[in-house]
Amino acid sequence: MSPGEKLDPLPDTFILQPPVFHPIVPYVTTIFGGLRAGKMVMLQGVVPLNARRFQVDFQCGCSLYPRPDIAIHFNPRLHTAKPHVICNTLYLERWQTEARWPHVDLQRGASFFLLFLFGNEEMKVSVNGQHFLHYRYRLPLSRVDTLGIFGDILVEAVGFLNINPFPEGSSEYPVGYPFLLKSPSLEVPCSRALPKGLWPGQVIVLRGLVLPEPKDFTLSLRDEAAHVPVTLRASFADRTLAWISPWGCKKLISAPFVFYPRRFFEVLLLCEEGGLKLALNGQGLGATSVHHRVLERLRELRVSGSVQLYCVHY
């Protein structure tokens with residue numbers, strides 16, 4: 001890729017908004033492309049010891065006056081004798097009827113992980129990996145283009161993702177794993193042990209950022225003998241993505257090239273009987289055949305190339 005060379009535009013469904021780390025609250029940001037069914041928003045952080053309440057608002061704009069409509073207002077209240085969550089909608093500067101949920105699993109002084117999953121008719125929310133509520137839309141989801149976070153909350157990360165496209169490998173809240181924040185990023189090359197190999201239903205998740213002047217990106221799966229039966233390689237020189245066989249044969253994957261410089265990306269690999277299914281940025285891209293005995297013998301996941309990794313989960 002030569003300097004100044006223009007890249008082909010990506011379809012909107014392949015574009016992921018980069019995560020935000022340690023934003024200062026109050027925090028307001030644009031949601032790239034707005035909200036639509038099939039998107040997820042993840043919020044990871046800590047509830048201060050003296051927290052009374054905080055709110056996460058999915059807004060229709062960000063004006064100060066008049067106040068924008070708020071399609072979804074998520075408001076944990078922790079200072080009462082019975083902590084609870086209020087959800088509501090603000091329309092034409094008037095609040096609608098409140099919906100209330102008790103027994104929220106948010107503890108003062110403790111870390112938390114919230115996942116907002118947007119479907120066709122309603123939003124679902126999980127708290128620390130457990131389903132907590134669902135809230136039917138009162139305003140069109142297509143109007144939402146702004147996220148606002150306010151109140152007593154320390155935010156470590158905000159992530160914007162697409163729902164797992166593999167229903168056979170998903171739970172109610174698929175691949176909603178927190179970003180790894182023990183360090184700003186993971187060292188590349190990155191190696192992770194697979195002590196039990198891979199088995200049907202297991203999902204490997206990689207999330208990261210492409211460096212400004214990328215050359216290549218490789219994800220490989222190795223067995224105990226250091227053989228490499230599975231390799232996924234992105235070449236920035238010719239903008240191709242391909243499976244590489246143990247003998248070096250290349251099988252091109254027909255898809256938009258998502259590994260743009262300075263762009264956030266997500267790779268999902270779903271293990272199934274006889275192979276691996278691939279998704280990039282939440283879009284399914286087919287599968288490659290791998291014998292189940294080969295998958296069982298895999299012992300190492302290795303990532304290398306021109307990327308900064310935020311998350312490796314399996």
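Trainee: Strands here are DSSP runs of E, at least two residues long, numbered from the N terminus. With that in hand, which strand does phenylalanine 58 lie in?
Mentor: Strand β4, residues 54-60. Keep in mind that this is a predicted model.

Trainee: Is phenylalanine 58 buried or exposed?
Mentor: Buried. Its relative accessible area is 0%, and the cut-off for buried is under 20%.

Trainee: What does phenylalanine 58 touch, leaving out residues up to four places away in sequence?
Mentor: Ile31, Leu35 and Val41 are among its contacts.

Trainee: Which side chain does the threonine 146 side chain make a polar contact with?
Mentor: That of aspartate 145, at 2.9 Å. Beyond four places in sequence, threonine 146 touches Val28, Thr29, Thr30 and Ile31, among others. Asp57, Phe58, Gln59, Gly61 and Cys62 are also in touch with threonine 146.

Trainee: Let's zoom out. How many helices and strands are in the protein chain?
Mentor: 1 helix and 24 strands. The chain has 314 residues, and 50% of them count as buried.

Trainee: What about contacts across the sequence?
Mentor: Take contacts between residues at least 6 apart in sequence. Of these, 66% join residues at least 24 apart.

Trainee: Switching to charges. How many salt bridges are there?
Mentor: The count comes to 6. One of them joins aspartate 69 and arginine 143, with the closest N and O atoms 3.1 Å apart.

Trainee: Where do aspartate 69 and arginine 143 sit in the chain?
Mentor: Aspartate 69 is in strand β5, residues 69-77. Arginine 143 is in the loop between β11 (130-136) and β12 (146-151). The pair links distant parts of the chain, 74 residues apart.

Trainee: Why does aspartate 69 count as buried?
Mentor: Because its relative accessibility is 8%, and the cut-off is under 20%. Arginine 143 is partly exposed, at 35%.

Trainee: What does arginine 136 meet in a salt bridge?
Mentor: Glutamate 121, at 3.7 Å, N to O. Arginine 136 is in strand β11, while glutamate 121 is in the loop between β9 (111-118) and β10 (122-127). They are 15 residues apart. Glutamate 121 is partly exposed, at 47%.

Trainee: Which residue does glutamate 300 form a salt bridge with?
Mentor: Arginine 302. The closest N and O atoms are 2.9 Å apart. Glutamate 300 is buried, at 18%, whereas arginine 302 is partly exposed, at 30%.

Trainee: Now the sheets. What is the strand order in the open sheet of 5 strands?
Mentor: β22-β21-β20-β15-β24, with antiparallel pairing. The edges are β22 (283-289) and β24 (307-313). Each edge strand has a single partner, so one side of each is left without a neighbour in the sheet. On average, neighbouring strands are turned by 20° against each other, direction ignored.

Trainee: How do strands in a sheet pair, anyway?
Mentor: Through backbone hydrogen bonds, either parallel or antiparallel.

Trainee: How many bridges are there between β15 and β24?
Mentor: 6, in the antiparallel sense. β15 covers residues 203-210. Leucine 209 stands opposite glutamine 308 in β24.

Trainee: Which side chain does the glutamate 266 side chain join in a polar contact?
Mentor: That of arginine 207, at 2.9 Å. Other contacts of glutamate 266 include Leu16, Leu161, Val205 and Leu206. Ala279, Leu280, Asn281 and Gly282 are in contact with glutamate 266 as well.

Note on methods:
Residues are numbered from 1 along each chain as its sequence is written. This is a predicted model: local features need pLDDT of at least 70, side-chain atom pairs count only at pLDDT 80 or more; totals for chains, interfaces and linings use all residues. Side-chain values use heavy atoms; hydrogens and water are left out. Helices (H or I, at least four residues) and strands (E, at least two) are DSSP runs, numbered from the N terminus. Buried means under 20% relative accessible area, exposed over 50%, partly exposed in between (1.4 Å probe, protein chains only). Contact means heavy atoms within 4.5 Å. A salt bridge is a side-chain nitrogen of Lys or Arg within 4 Å of a carboxyl oxygen of Asp or Glu. Two strands pair if DSSP finds at least two bridges between them. Axes are lines fitted to C-alpha atoms, for helices over the stretch in contact, and angles run from 0 to 180 degrees between N-to-C directions. A polar contact is a pair of N or O atoms within 3.5 Å; within protein, one must be able to donate a hydrogen and the other to accept it, and residues adjacent in sequence count only if both atoms are side-chain atoms.
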